[in-house]
Amino acid sequence: MMKKTAVLLCLFFVCFSLGSGIEAHGYDSKTYNWNYKPEKDNKPVTTEPHYIQLLEQTGGFFIGDTSKKELYLTFDNGYENGFTEDVLNILKEKNVPAAFFITGHYLETAPELVKRMVNEGHIVGNHSWHHPSLPEVGDGRLMDELTRVKNSFSELTGVEEMHYLRPPRGQFSERSLALSSKLGYTNVFWSMAYKDWEVDKQKGGQYAYDQIMKRIHPGAIMLIHSVSQDNAEALPRVIEDARKQGYTFKSLDDYMFTKQIQQLPFP
């Protein structure tokens, strides 16, 4: 509880320092599609230098501390396909924190699962209301997409905070990053993913296990989709075997807490 409070205080001061204005005039609106450069032998990945620069300017990130064997499990929840309950059961049994990025559709169709995410200590992040490309919409629409999710989430759960944003489709611009940052969000991309979202092309739990395990690396922010039956089947083994390899599972709040402490002006 104390750690969570410290994180929220740090985030408050970061948001405060950005100012209260929400206009994004003067920023480049060129659309970029998130990508990273895969590495072999479970080595940390990197991405385009310009992407790194944009994330550093707006407080976003795509990977954790690559000197530590830590993993950050994140799920994109555009809609429910019957497997999130299984995922939550596994996370509870294995004592693993996760972040779930939800849309308006998910809030409307799976409210009990959202409440369970909160009650079991997971982070719930913003994935926009309608899942549009944020750099392709105007400032007003972007703010409405994010604010509507946050307000509905707060009404449902009583939790006022929603600090993390996963840009829909992995698309972003300098403007969308800057504006969402001014709204108090930390943009969270990813350093590990595979093609798991096609529900009519599932290949079995072993396939999912193999795809995930060959991609994990120190500091990995793992993006997997809970619509995938394969992922639900593979998750227990992924957690167990990753731990056998010396990895620990952390929450995004853990990373943000460490990041903010490192930035404090102490000698």
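Leaving aside neighbours within four places in sequence, Leu 91 is in contact with Leu 73, Phe 75, Val 96, Ala 98, Phe 100, His 122, Leu 235 and Ile 239, where contact means heavy atoms within 4.5 Å. The structure is a predicted model, in which local features need pLDDT of at least 70 and side-chain atom pairs count only at pLDDT 80 or more, while totals for chains, interfaces and linings use all residues. Residues are numbered from 1 along each chain as its sequence is written, and side-chain values use heavy atoms, with hydrogens and water left out.

Leu 91 is also among the residues with the most contacts inside the largest nonpolar core, together with Leu 73, Phe 75, Ile 216 and Met 222. This core has 49 residues; a nonpolar core is a set of buried Ala, Val, Leu, Ile, Met, Phe, Trp, Tyr and Cys residues joined through side-chain atoms within 4.5 Å. Buried denotes under 20% relative accessible area, exposed over 50%, and partly exposed the range in between (1.4 Å probe, protein chains only). Helix α9 supplies the largest share of this core, namely six residues. Another core, of 26 residues, lies apart from it and includes Val 45, Ile 63, Ile 123 and Met 256.

Helices (H or I, at least four residues) and strands (E, at least two) are DSSP runs, numbered from the N terminus. The chain contains ten helices and nine strands. In helix α3, which spans residues 84-94, the buried residues are Thr 84, Val 87, Leu 88, Ile 90, Leu 91 and Lys 94. These residues lie on the same side of α3 because they cover an arc of only 160° around the axis, the arc being that of the directions from the helix axis to the C-beta atoms. Lys 92 and Glu 93, on the other side of α3, are exposed. The buried residues of α3 pack against β2, β3 (99-102), α4 (104-109), α5 (111-119) and α9.

Asn 77 belongs to strand β2 (residues 70-77). Asn 77 counts as buried because its relative accessibility is 0%. Its side chain and that of Ser 226 are joined by a polar contact of 2.8 Å. A polar contact is a pair of N or O atoms within 3.5 Å; within protein, one must be able to donate a hydrogen and the other to accept it, and residues adjacent in sequence count only if both atoms are side-chain atoms.

Across the chain of 267 residues, 51% count as buried.
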